[in-house]
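Dear colleague,

I am handing over a structure that I would like you to look through, and below it I have written down what was found in it. Please keep it open beside you as you read.

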Amino acid sequence: MNIIGKSVIRKDAFEKVTGRAKYTADELAGPSLHVKMVTSPYGHAKMVSIDVTEAKIVPGVRAILLGSHDLPLTGEEIRDRPPLAVEKVRYHGEPVALVVADTPVLAQKAADLIKVQYELLPVVNSPTEAIKPDAPLLHKNLAAYEKIGTAYPVPHSNISNVTKIRKGSMEKGWAISDRVVEGTYSFSPSDHAAMETRSATAEIDSEGYIHITTSSQAPFMVKRLLSTYFKLDIGKIVVETPFVGGAYGGKAPIQWEILAYLASRACGGRRVKLVYTREEDLLTAPCHVGLEAKVKLGCTAGGMIKAAEILYLFDGGAYSDKAIDVSRAGGVDCTGPYNIENVWCDSLCVYTNHPYGSPFRGFGHSEVLFAFERTMDMLADKLGMDRLELRKKNAILPGHRTPTQVLLNKSNVGNLPACIERLKEMIHWSQGQMQEIDERRVRVKGIACSWKTSTIDPNSSSGVILTFNSDGSVNLMSGVVEIGGATKTVLAQMLAQRLKMGIDKVHVKMKVHTQSTPEHWKTVASRGTFMAGRAVLEAADDVIRQIKAIAACVLRVSHEDLEVAYSRVFLRDEPKIGLELKDVVYGYKYPNGNSIGGQIIGHGNYILRRMTSLDSETGAGQPGPEWTVAAHGVEVEYDKWDYTYQLKQAVTVVDIGVVLNHMAARGQVMGAMSMGLAFAGRETFVFDELGRVLNPQLRTYRPIHYGENPQYLVDFVTTPQIDGPYGARGVGEHGLLGMPAALANCLSIASGVMLNELPLTPELIWRSKGSKV
C-alpha cells in the first residue's frame, strides 16, 4: 500500500461541493433566541450614560445585558478585557450591550433604540504614539491585572509584553562589520476576512450543563477558559465545532462564545444564537496585528552578516489577548532564516485604540520577515551583491543556532540553500530582475526567504481514538478542527498507510465534541498534521497490537509472526493462513460459540517534547520542534506612468520534509500565497483621528478578487523531519510568509524608491516618489 504522497480526494469534499456541509450558523437544533450587539462608534471614549428604556419595551425582547464590574475580566495571557465595555470603550466596534430577543429583527430593532452618550478621550493611533512618555495610558491598572501566561508587561505604560532576544556580543558584531544598513517599516492592522463570520450558540440545560457550538479553531480552549473566567465546573461545559469556513488564526481567540454564554445565562439557560454581521466580524472580532519596526544590519565586505539590532513594535490593539503570543513569536524568529552570531531584539506588544490583535496565518512571521527581508535587499544593494546570493551565503544550516540559541540539525531545519536553488530555476533568475516591455511598462522580479517555528505552549498535546466497525473498517476521531486545510484527510491517509488498508475503509469524524472527541490543543500553528499525525500513528500501533494478540491466540502462533494488511491479519511467511479483520475487531467467535476479545478501541497521544519557556532576559529556550524554511519569488508588470501593477507570477519552494498529499499541500501553499499578496498589496484598516475604521465592509476592505491572482508555482524540497509523522512538516502557513517582503522588494526595484510600508498600493508608490506624476 502506498497512500502517503498521493493526491487523495478530501474526506469532506462531497459535503462541501454539494452544499450539505453544516457550519455553526446552520445549526437548527430547536428554537433559539437571537442576540444582537451594540458596539462602540469610537476608538476611545468614556460612556457617560446608557439608556435602555425604549429598547426594553420592544415586543419579544427577553434580556438586555450591559457591562459591569461583576463580570470577570478575560484574556489568554493577561486578564485585561471586560466581555462588555465598562465605563469606557477602547476600540471602534467594542461590544457595549447585548440584546436577546425572539427574532433577529426584534433584537436589532431594540439594539438600535439603546442610547449611549459618549465623552471622547484622546486616541492612541499607533505603537509609536503609544510608547511616548506623554501618551494616554489605556490600562492604568496594568500592573494589577491577573496574568495567566508568561507575559512581561511594563507597569505604568502601554506595553503589555516585552520579549528580549540577546545572542552573542553586539559590540563585537559592530566592530567586525564593514557595511551597515538600517530601515524603518510599518503597516496598520487588517483582518482575516474568512468566508464564514464568527458565530456561536449557547444553552444551559436543566442539569447545569453548558452547551456551546462555535466557529472556533480552539473548542477545548473555549471549554477551559469559560471554566476559568466564570469558575464553572469544566466537566459541565460541552463545546462542539462543526466545519469552520475559514479561520486563519482569527478564530483561535475566545470572544463570541463568552457573549453567547452570558446571553443564555440571562435568559434562564434558553438556547441563544449569536452570528456576527460582516461589519461586526471586521470591527468587533480580534484582527490581524499591525507593526512598526526598525532593523539595523552589519556585515563584512564579503557579505557575511555579523550583527542584527531590531525593534519590533506590535500593534496589539485595545486588549492584549493573543497579540502577546504573536509578538513573542515574532521575536523568537526575529532574524529570518540566517546565521547571525550577534543579535539584539526587543519585540514589544503595545496597546493602541485599535481592534485587538489575534494570530494571523504565519503567527507574527510574515510581519517581521517583511521588515527583515526588505533590509536584506538594502544590504545587497549596498554590497552590490546578487540578492539571492547574499541570502544563500548567510543561510541558516545544521550546526548553527537560532536567535533563542537552539542548536539546529538537518532534521529540524531542513535545507534553505536547496529551496533557493530551486527558486532560481522556477523564476528564471538568470534572465535578470527587470526587463523592459516598452517605454511605459517593465516586468520585475522580487524575492525573499522565510522560516518559522511554532511558538506554542510547551505542554500542548493531541489525542486520537480509533474504533472499528463490524465490517473491519475503522473510525478516526481527533480534536483537530477541519478549517479547510484537509488535515483530517491527511490523518486518514496516515492511518490507512500504517494499517495497510484502503483509505475508503477509514471513516473520519469531522465535528469536534469535547465530551467524546480526544483533545487537540488548538488547530493553529501548522501543528495539526504534525501533532495529530504522531497521535494517529501511536493509535494505529495500539490497534495492531490488539489485533495481533487475538489472532495469535486463534491461530496459535506468536504475534511476531503476524502481519496486519489488506483488511486481514495473517502469517508473514504463509499469507493464506490468517483471519479477516471483520472476524477479529469485534472479538473472535470459535465454532463452539466461545468468544475472546471484544471491540478493539485504540488510542494514541502526542505531547510536544523538550519545549521550554524563554528566559525573560535573553530569550534563550526552545519554543518549537522545528524551523521550516522556504524561498519565495514574485513577478509583476509595472506601469511607470501611473504606478499601477499586475501580479504575473508567484513562486514558493518549501522544505516540507515529506509530501503526504501532493494536491492538498499545493493547495495549502497557494492559498497562503494569495493571502500574503492580498495583505501586502491591498488589505488594511484605514483609521481616522478618532480611531474609527473607515472601511469595515468588503466593498472597501478589499481582498484579492477572482481574476486578480497571478500564476502560482509551488514546489517542495524534501528533507525528512525525523520526529515528524512519516518525516513530514506542517505547511499550512508557509506560503504566505515571504509574499509581503517579496512583493515590496519587487516594487521597490520597479519604482526606484524604497517601499517600506504596507499595503503596496499605487497611491503609496506615488506618495513615496514625492507626489510627482
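Glu-733 forms a salt bridge with Lys-452, with 3.2 Å between the closest N and O atoms, where a salt bridge is a side-chain nitrogen of Lys or Arg within 4 Å of a carboxyl oxygen of Asp or Glu. This pair links distant parts of the chain, 281 residues apart, since Glu-733 lies in the loop between strand 32 (711-717) and helix 17 (734-737), while Lys-452 belongs to strand 19 (residues 441-452); helices (H or I, at least four residues) and strands (E, at least two) are DSSP runs, numbered from the N terminus. Both Glu-733 and Lys-452 are buried, meaning under 20% relative accessible area, with exposed over 50% and partly exposed in between (1.4 Å probe, protein chains only).

Please note that this is a predicted model, in which local features need pLDDT of at least 70 and side-chain atom pairs count only at pLDDT 80 or more, whereas totals for chains, interfaces and linings use all residues. Residues are numbered from 1 along each chain as its sequence is written, and side-chain values use heavy atoms, leaving out hydrogens and water.

The whole structure holds 46 salt bridges, and another of them joins Asp-346 and Arg-166 at 2.9 Å, N to O. Here Asp-346 sits in strand 16 (residues 343-351) and Arg-166 in strand 7 (residues 159-167), 180 residues apart. Asp-346 is buried because its relative accessible area is 14%, whereas Arg-166 counts as partly exposed because its relative accessibility is 22%.

Best wishes
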